[in-house]
Amino acid sequence: MSEVKFKYWIKAARLKTLLVSMAPVIMSVAFVSMYMTIKWLPAVICLIFAVMAQVLSNFVNDYADGLKGTDNERLGPQYMISSGFISQQQMLRGIIVWAILTFIVGCTLLYYGGWILLPFGIVIMLCAIAYSGGPFPLSRHALGDVAVLLFYGIAPVVLTFFIQTGFVNWQIVVAGLAIGIVVDNLLIVNNYRDAENDAKNGKKTTVTLFGKTFMRYLFYLNPIIAIILIYLVFKNNTMFFYFIPFLIYSVFVSRKFSKAKGMEFNKLIGMAPLEAIIFALTVVIYII
């Protein structure tokens with residue numbers, strides 16, 4: 001990995017999107033405080049593992065699209081392979097090294113949660129790779145949104161909670177689904193922007209399947225659906241007052257989304273992850 005300038009690996013990691021992997025872990029830790037004292041070391045390890053798994057997925061995405069040549073006409077920021085800053089061989093080595101490091105970090109959580117975590121950790125890593133790579137890339141078969149709900153929502157929230165408490169309940173599963181729905185807005189932005197290029201290259205996404213109009217309205221509704229799900233968890237009407245700032249920001253992002261064209265969607269790549277972190281922090285503040 002040292003053969004390539006560090007800044008290009010940073011770009012390949014797509015730092016401004018990493019908030020979406022941090023948000024569910026942060027929210028889950030807040031739920032833990034309702035039941036017991038938070039164990040901060042495993043909480044931090046969960047956060048690091050979640051971020052590393054997303055970076056792994058981003059590396060694989062760069063590598064897979066570089067192999068297929070589907071990045072050449074995309075409107076989003078150019079990937080490192082297609083830009084010529086990182087070769088395919090260098091990226092592949094980087095993926096292997098990063099996957100090993102991610103696995104090692106994940107294995108430290110076995111001390112806190114037991115060996116039952118091992119198959120879940122392996123599945124998380126395999127799906128991080130399978131999102132864009134492998135014989136059946138999830139993102140190319142309209143399963144990207146499902147992957148987001150599972151691996152940027154339910155899985156990190158439930159597993160972080162389980163590692164801390166040793167049990168899982170339906171409330172934590174619903175909370176995971178809620179944050180996953182908010183995170184899905186980032187994927188909608190990406191797929192909406194690249195819909196024409198994806199269709200041309202035979203890549204199936206929910207946008208190419210259901211159309212831009214349907215997915216645009218889903219983008220508007222996702223924050224509201226997430227709040228309703230969290231209400232089912234707390235069942236407290238005062239909760240809605242805490243989400244007013246989140247709703248204001250969501251309306252702001254939705255207005256930007258509705259007016260965006262072409263490369264203007266790239267500005268939303270940083271705004272959509274912030275929507276997820278604001279949602280998580282709102283839950284944290286409410287619980288506190």
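This is a short walk through one predicted model, taking its helices, charges and surface patches in turn.

Hi everyone, and thanks for coming. First, some ground rules. Residues are numbered from 1 along each chain as its sequence is written, and side-chain values use heavy atoms, with hydrogens and water left out. Because the model is predicted, local features need pLDDT of at least 70 and side-chain atom pairs count only at pLDDT 80 or more, while totals for chains, interfaces and linings use all residues.

Two terms will come up again and again. Helices here are DSSP runs (H or I, at least four residues), numbered from the N terminus; strands would be E runs of at least two. And when I say buried, I mean under 20% relative accessible area; exposed means over 50%, and partly exposed is in between, using a 1.4 Å probe and protein chains only.

Let's start with helix 15, residues 268–287. Is helix 15 enclosed or open? Of its 20 residues, 15 are buried, so the helix is largely enclosed by the rest of the structure.

Now to the charges. How many salt bridges does the structure hold? There are two, where a salt bridge is a side-chain nitrogen of Lys or Arg within 4 Å of a carboxyl oxygen of Asp or Glu. In one of them, the side chains of R193 and D194 meet at 2.8 Å, N to O. Both partners are covered: R193 counts as buried because its relative accessibility is 3%, and D194 is buried as well, at 8%.

The other salt bridge joins the side chains of K212 and E196 at 3.0 Å, N to O. This pair links distant parts of the chain, with K212 in helix 12 (residues 212–234) and E196 in helix 10 (residues 195–200), 16 residues apart. K212 is partly exposed at 29% relative accessible area, whereas E196 is exposed at 51%.

Patches are made of residues with over 30% relative accessible area and no salt bridge; like charges are joined within 9 Å, and nonpolar side chains (Val, Leu, Ile, Met, Phe, Trp, Tyr) within 5 Å. Which helix gives the largest share of the nonpolar patch? Helix 12 does, with five residues.

R255, K256, K259 and K267 form a positive surface patch. For this, Lys and Arg count as positive and Asp and Glu as negative, with His and the chain ends not counted; the place of a charge is taken as NZ of Lys, CZ of Arg, CG of Asp or CD of Glu. R255 sits in helix 14, residues 244–259, and counts as partly exposed at 49% relative accessibility.

Next, two backbone details in loops. A142 is not a glycine, yet it has a positive phi of about 60 degrees. You will find A142 in the loop between helix 7 (117–130) and helix 8 (144–165), where it counts as buried at 18% relative accessibility. K235 is also not a glycine and has a positive phi of about 50 degrees. K235 lies in the loop between helix 12 and helix 13 (239–242), and it is exposed, with a relative accessible area of 60%.

L187, in helix 9 (residues 170–193), counts as buried at 9% relative accessibility. Its C-alpha atom is separated by 9.9 Å from that of F219, 32 residues apart along the chain. Y111, in helix 6 (residues 110–113), is exposed at 70%. Y111 and V25 are 86 residues apart in sequence and 18 Å apart in space, C-alpha to C-alpha.

Notes. Accessible areas come from the Shrake-Rupley method with a 1.4 Å probe; for residues, only the protein chains shown count as cover.
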